[in-house]
Amino acid sequence: MQIRHSTHPDQLQEFDTDQLRAHYLVEDLFVAGEIKVVYTHEDRIVVGGAAPVPGQALTLGSYGPLRTSSFCERRELAALVIRGSGSVSVDGTEHKLGTRDCVYVGQGAVDVQFHAAEDDTHFYLFSTPSHASFPTAVARFDEVDVLNMGSPDTANVREIRKFVHADGIRSSQLVLGVTRLAAGSVWNTMPPHTHDRRTECYLYFDLPADQRVIHLCGEPQRTRNMVVRNEEVVISPSWSIHSGVGTHAYTFVWAMGGENQAYDDMDQVAVTELR
Ligand SMILES: O=C[C@H](O)[C@@H](O)CC(=O)C(=O)O
Ligand SMILES: [Zn+2]
């Protein structure tokens with residue numbers, strides 16, 4: 001388990017490209033036959049990747065820094081299939097998931113296993129601390145409500161789907177959804193926002209291997225950027241905007257943990273205020 005420490009916004013001004021990437025970008029999460037996890041002290045979120053091969057399930061263990069006997073002893077977890085299809089077994093109950101479907105696993109689950117139904121199946125894992133147990137539940141990409149956002153003039157036509165949230169799958173603090181850009185649209189979350197009460201992570205996917213997303217971070221009046229590949233995660237501390245422009249359309253998982261679950265609790269930043 002890799003550890004990322006929290007950072008102060010002033011530090012961002014001192015970071016060079018490599019330091020910026022070392023603190024906020026998570027690469028190489030998806031390795032065939034392995035589970036990879038990264039613990040950030042920003043709201044104690046754990047992000048991970050599970051890439052089982054068909055016929056060989058992967059079991060989620062606990063990790064030294066958690067000091068628990070099972071991963072979900074004091075945590076809740078969401079697993080979303082970003083590529084392929086498969087199932088997640090939670091204490092013996094199998095939940096079949098197609099591409100872009102998600103299972104929420106409540107605190108207290110002991111035995112969590114990932115099974116691939118086809119080659120190149122990738123599960124994205126997102127976990128936050130939890131001090132109350134909520135039922136394990138599945139949300140399907142094609143069944144959750146869709147919010148249409150953006151316009152062709154600003155190249156940001158996109159569909160926002162909320163999976164784990166106050167009016168969907170209930171959780172202790174975890175909030176998660178998927179945003180998909182229309183062909184020809186490239187901007188997400190523009191105009192951008194911050195939410196001082198939550199940390200947010202973006203996992204970009206469905207981006208062709210030879211394309212990139214230029215992800216914008218930092219305080220609104222002193223932004224920085226990182227060039228991001230397919231299936232990489234960006235950690236956004238609560239003081240940072242989180243927005244990006246692709247060289248091609250893409251999809252991303254946005255997921256948060258923190259003080260509240262109110263999606264609308266955002267401080268919007270006008271495009272003209274950015275620097
Ligand atoms: O806090 C919420 C998140 O940043 C995302 O839901 C924004 C997003 O998906 C978008 O505008 O494209
Ligand atoms: Zn946000």
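Q: Which residues are around ligand 1?
A: First, some ground rules: residues are numbered from 1 along each chain as its sequence is written, while chains are lettered from A and ligands numbered from 1 in the order in which they are written. This is a predicted model, and local features need pLDDT of at least 70, side-chain atom pairs count only at pLDDT 80 or more, and totals for chains, interfaces and linings use all residues. A residue counts as near a molecule or strand if its C-beta atom, placed from the backbone, lies within 6 Å of it. Around ligand 1 that gives Arg158, Ile160, Gly177, Thr179, Asn188, Thr189, Glu200, His242 and Trp254.

Q: Which elements give two or more residues to the shell around ligand 1?
A: Helices (H or I, at least four residues) and strands (E, at least two) are DSSP runs, numbered from the N terminus. The elements that give two or more residues to this shell are strand 14 (158-164) and strand 15 (175-181).

Q: How many residues of the shell around ligand 1 are charged?
A: Here Ala, Val, Leu, Ile, Met, Phe, Trp, Tyr, Cys and Pro count as nonpolar, Asp, Glu, Lys and Arg as charged, and the others, Gly among them, as polar. With 2 nonpolar and 5 polar residues in the shell, the number of charged ones is 2.

Q: What is the radius of gyration of the protein?
A: The protein has 2 helices and 24 strands. For 275 residues the globule rule gives 19 Å, and the protein's value is close to that, so it is as compact as a globular protein of that length. The radius is taken over C-alpha atoms, and the rule is 2.2 Å times the number of residues to the power 0.38. The protein's own radius of gyration is 18 Å.

Q: How many of the residues of strand 23 are buried?
A: A residue is buried if 20 or more other C-beta atoms lie within 10 Å of its own, exposed if 12 or fewer, and partly exposed in between, with C-beta atoms placed from the backbone. Both faces of strand 23 are covered, with Thr251, Val253, Ala255 and Gly257 on one side and Phe252, Trp254, Met256 and Gly258 on the other. Strand 23 (residues 251-258) is largely enclosed by the rest of the structure because its buried count is 8 of 8.

Q: Which residue of strand 23 does Glu200 stand opposite?
A: Two strands pair if DSSP finds at least two bridges between them. Strand 15 runs antiparallel to strand 23, with 6 bridges, and Val178 stands opposite Val253 there. Strand 18 (residues 198-205) is also antiparallel to strand 23, joined by 8 bridges. Glu200's opposite number in strand 23 is Met256.

Q: Is Met266 buried or partly exposed?
A: Met266 lies in the loop between strand 23 and strand 24 (267-268). Not counting residues up to four places away in sequence, Met266 touches His193 and His195, where contact means C-beta atoms, placed from the backbone, within 7 Å. Because Met266 has 15 C-beta neighbours inside 10 Å, it counts as partly exposed.

How values were computed. Two residues are in contact if their C-beta atoms, placed from the backbone, lie within 7 Å.
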